Amino acid sequence: EDDSHPALLPGAVEYEAALASSSPARPPVEPSPDDLYILYTGGTTGMPKGVLWRQADIFVGALGGRGPGGAEPQAYAEIAERVKAGGAKSLPTPPLMHGAAHWASFNGFHSGSTVMFQDVTDRFDPHDVLGMVEREKINVMLIVGDAFARPLIDQLRVQSYDLSSLFALVSGGAALNATLKKELLELLPKVMIIDAIGSSETGSQAQNVSTEATGATTGTFNLGHGACVLSEDLSRILEPGHEGLGWFGQTGRV
């Protein structure tokens, strides 16, 4: 409930009412790797749409299911053992309907991390977000491109925060230009900026890392497991160094 009081579509049931009337017992089905996961994408990487995945594939493709070094998933027992040690405190700041925040949250769950959410959730409030990083000692924060970076920079210029716990600022879902990365590194010199690229249909594909030592860059990405460039007519994979233009694609778990 967000106080907008929309009229329900024919046959629709309010979420809270459906939850209240549901049974606490497990659904009478056995989970399967072929069960479908659906992501409704807002359109930052194409037209708005619903993207269907096999849950076994999305777990590997975007939700933290790969083992060390980008290998295929470990056995459940090995994954459980790995996450027992716990992980970083992460703060995904976009709405959870957005693939960037949704996927970042599940990556946290699947790595034994603590996933936290800011107090103001109906808009992006940079003071609320930065105050939470300071108060809760957040280690990793997720934003979405320039639209989130600019307000953060403006807020950091008018008020100081103890952000010594923060070691990574991750951006996904929209472009983050090098000029804003440079400003962020000037304000937060100990932070690593990870610019991630992918799409609702491909999962995570590549990363660009900027630090105070390396300087701020954009447009050049280190490819992840299975990422490739397809020829313009989609007939073949272009080898590294090929001068032709093509489509950024993904092999394997898609």
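Reader: How many helices and strands does the secondary structure of the protein chain come to?

Author: The model discussed here is a predicted one. Strand β1 covers residues 36-41, and helix α2 covers residues 55-61. Counted over the protein chain, the secondary structure comes to seven helices and twelve strands.

Reader: What radius of gyration does the protein chain have, beside that of a compact globule?

Author: The C-alpha trace spans about 55 × 50 × 40 Å along its principal axes. For 254 residues, a compact globule would have a radius of gyration near 18 Å. The value for the protein chain agrees with this, and it is 20 Å.

Reader: Is aspartate 57 buried or exposed?

Author: Aspartate 57 belongs to helix α2. A residue counts as buried under 20% relative accessible area. Aspartate 57 has a relative accessible area of 9%, and therefore it is buried.

Reader: With which side chain does the side chain of aspartate 57 make a polar contact?

Author: Leaving aside neighbours within four places in sequence, aspartate 57 is in contact with Arg253 and Val254. The polar contact of its side chain, at 3.0 Å, is with the side chain of arginine 253.

Reader: How far apart in space are isoleucine 38 and leucine 52, C-alpha to C-alpha?

Author: Isoleucine 38 lies in strand β1. Beyond residues up to four places away in sequence, isoleucine 38 touches Gly50, Val51 and Leu52. Isoleucine 38 and leucine 52 are separated by 14 residues in sequence, while their C-alpha distance in space is 4.7 Å.

Reader: Where is lysine 137 found?

Author: Lysine 137 is not a glycine, yet its phi is positive, at about 60 degrees. Its relative accessibility is 41%, so lysine 137 counts as partly exposed. Its place is the loop between α5 (126-136) and β5 (140-143).

Reader: What is the relative accessible area of leucine 234?

Author: Leucine 234 sits in the loop between β10 (227-231) and β11 (237-238). Its phi is positive, near 65 degrees, in a residue other than glycine. A residue counts as exposed over 50%. Leucine 234 is exposed because its relative accessible area is 54%.

Terms used: Residues are numbered from 1 along each chain as its sequence is written. This is a predicted model: local features need pLDDT of at least 70, side-chain atom pairs count only at pLDDT 80 or more; totals for chains, interfaces and linings use all residues. Side-chain values use heavy atoms; hydrogens and water are left out. Helices (H or I, at least four residues) and strands (E, at least two) are DSSP runs, numbered from the N terminus. Contact means heavy atoms within 4.5 Å. Buried means under 20% relative accessible area, exposed over 50%, partly exposed in between (1.4 Å probe, protein chains only). A polar contact is a pair of N or O atoms within 3.5 Å; within protein, one must be able to donate a hydrogen and the other to accept it, and residues adjacent in sequence count only if both atoms are side-chain atoms. The radius of gyration is taken over C-alpha atoms; the globule rule is 2.2 Å times the number of residues to the power 0.38.
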